[in-house]
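This report looks at selected features of one structure.

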Amino acid sequence: MTGPGPTAATPTSLENAWRLLRARWWILALSAAVVGGVFVARAVTTEKTYTATATVLVRQSSLLTLIDPGARPPDPARAAATNLLLARSNDVAELVRASLRSPLDVSGLLDRIDVTNEPDTDLLDLTASDPDPEGAARLANAFADQFVVFRRASDRRLAGAGARTLQQQLAALPDGDSRERRELLQALRKVRALQAVTTGDVEVASRASASSTPAAPLPKRSAVVGVTLGLGLGALVVVLLELLDRRLRRPEEVAALTGLPVLATVPTEPDGPARLDALRIVRSGLEARAPDARTVLVTSAVAGEGASALAGELARAYALAGLRVALVEMDLRRPTMATRFDLPAPGRGLTTALVGGLPVRELVQPAIPGLRSLVVLPGGPPVPNAPELLRSAALGAVLDELHALADVLVLDAPPLLPVADARVLLDRDEVDACLVVARLGRTTDDEARRMRAVLAARPGVPAALAVLGD
């Protein structure tokens, strides 16, 4: 067996990806259609939801510094985070439920409100969701109003507690006029005044209004998202299938794994001119690799790869080149040549000669009308001891008789891997060359490697590939 001939340049990753997607485009289309359809159907059947937003202005309070002049002002980031939590607190939601007389409980109301802080501002946006646009506006405004009420009440309680603290500090001072007493009295008056008028340093900056356009669902956006996700899912399925699929897709892959040169890629369309031209190239390639070859064995890794059909067409190519050719069926377990060629005497063939001793000249039959230089010898009746017959001296005598009738013998052999028959034939001295048939999308990488091992053990027989595929 000789080494592989030159192969095509290795495809890039992008070319491989494009080849995969193009070969399995229907998976992408089906996935995009199904997932996109599910998203659109869900969007169409989902209840519409409207949103409305009210905005609240929250200022920094000076109450703490009045109560305790030495206290540090609150951190703005911490104060903003606190206000976000307070606006969605259970206490505020309870006030909203009471003001709206809502049938929803506190948890249900909080599920319909979202509070965000506009960056670098003292503004809080309270966005409410509801199947009714007017209901969304009412809910957003109610949360804004009750947040103001809650903060006002909280600051008043804080002012009251601060006034009591200042009174206690005044009571603890000794009698008499002092600078400290005057400062505490002044702070106490300010706190009491602030307690009476405080608004909690919070006010509604803008009120929510009903929207005529639903915020969800959005069928067009759902369709885009669904199709995009479907394409991504389809691509993932394609990649997974490729990882699990060990079938070879390109001639160079077959050549690399078998270690054999590819003489030609033969189209799968039967009896077409392109196929015949490819077979002529195969014939020329075999003649170049084994110039004196008179017996060519045609086989494949496993059954179903088209080796028998190709053997017949190779024999025809030899005959069209002006040579006398005999096509011999070597599958003695399940012979099919008599049926394929619709031979008039299907019950006789190679086994008849090997077992019964009939002369080969009486068993060969014409195969193609008008092509008298091509004769065929079918397998004959099936036998249980095929390897023994193929190893016998009787087969050598039959081949000698056939050589007296033909210039070239094309042996249509069983596949290499499942049975020993083809290996027995390759060990015979009469076999001068071997043509291995591989079918793209059918032959696997494991079969190619195993076939390489079988042929490597028989280096005296020149071998080459004919790849079936478009």
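The side chains of Asp407 and Arg324 form a salt bridge, with N and O 3.2 Å apart. The two residues lie 83 positions apart, so the pair links distant parts of the chain. Asp407 sits in the loop between helix H16 (393–405) and strand E10 (408–412). Arg324 sits in the loop between H12 and strand E7 (325–329). The model is a predicted one.

Asp407 is partly exposed at 27% relative accessibility. Arg324 is partly exposed too, at 38%.

## Other salt bridges

The whole structure holds 17 salt bridges. One of them joins Glu313 to Arg275, with the closest N and O atoms 2.6 Å apart. This pair also links distant parts of the chain: Glu313 belongs to helix H12 (residues 307–320), Arg275 to helix H11 (residues 273–289), and 38 residues separate them. Both Glu313 and Arg275 are buried.

Helix H11 also contains the pair Arg280 and Asp277. Their side chains meet in a salt bridge at 3.1 Å, N to O. How far apart are Arg280 and Asp277 along helix H11? They are 3 residues apart, which means a separation of about one helical turn. An α-helix has 3.6 residues a turn, so residues three or four places apart point the same way. Arg280 is partly exposed, with a relative accessible area of 34%. Asp277 is partly exposed as well, at 40%. Elsewhere, salt bridges link Arg246, Asp445 and Arg449 in a network.

## The four-stranded sheet

Four strands make an open sheet in the order E2-E3-E1-E4, and the pairing is antiparallel. Which strands form the edges? They are E2 and strand E4 (202–206), each of which pairs on one side only. From one strand to the next the twist averages 30°. Helix H4 (residues 76–87) packs on this sheet and touches E1, E2 and E3. The direction of H4 makes about 170° with that of E2.

Strand E1 (residues 50–58) pairs with strand E3 (residues 123–130) through 8 bridges, in the antiparallel sense. Within this pairing, Tyr50 stands opposite Asp130 in E3. Strand E2 (residues 113–117) is joined to E3 by 5 bridges, and these two strands also run antiparallel. Here Thr116 stands opposite Asp125 in E3. The hairpin of E2 and E3 has 5 residues between the strands. In that hairpin, Asp120 takes a positive phi near 60°.

Helix H2 (residues 25–45) includes Ala32. The helix has 21 residues. From first C-alpha to last, H2 reaches 30 Å, close to the 30 Å expected at 1.5 Å a residue. The buried residues of H2 are Ile27, Leu28, Ser31, Ala32, Val35, Gly36 and Ala43. Seen down the axis of H2, they fall within an arc of 135°, so they line one face of the helix. On the other side of H2, Ala33, Val38, Val44 and Thr45 are exposed.

Ala32 has a relative accessibility of 10%, so it counts as buried. What does Ala32 contact beyond its neighbours within four places in sequence? The residues are Gly37, Val227, Gly230 and Leu231. Ala32 and Gly230 are 198 residues apart in sequence, yet their C-alpha atoms are 3.9 Å apart in space.

Technical notes: Residues numbered from 1 in each chain as written. Predicted model: local features only at pLDDT ≥ 70, side-chain atom pairs only at ≥ 80, totals over all residues. Heavy atoms only, no water. Pairing = 2+ DSSP bridges. Salt bridge = Lys/Arg side-chain N within 4 Å of Asp/Glu carboxyl O. Buried < 20%, exposed > 50% of the residue type's maximum accessible area, 1.4 Å probe, protein only. Axes fitted to C-alpha atoms, helices over the stretch in contact; angles between N-to-C directions. Contact = heavy atoms within 4.5 Å. Expected span 1.5 Å × (residues − 1). Arc of directions from axis to C-beta.
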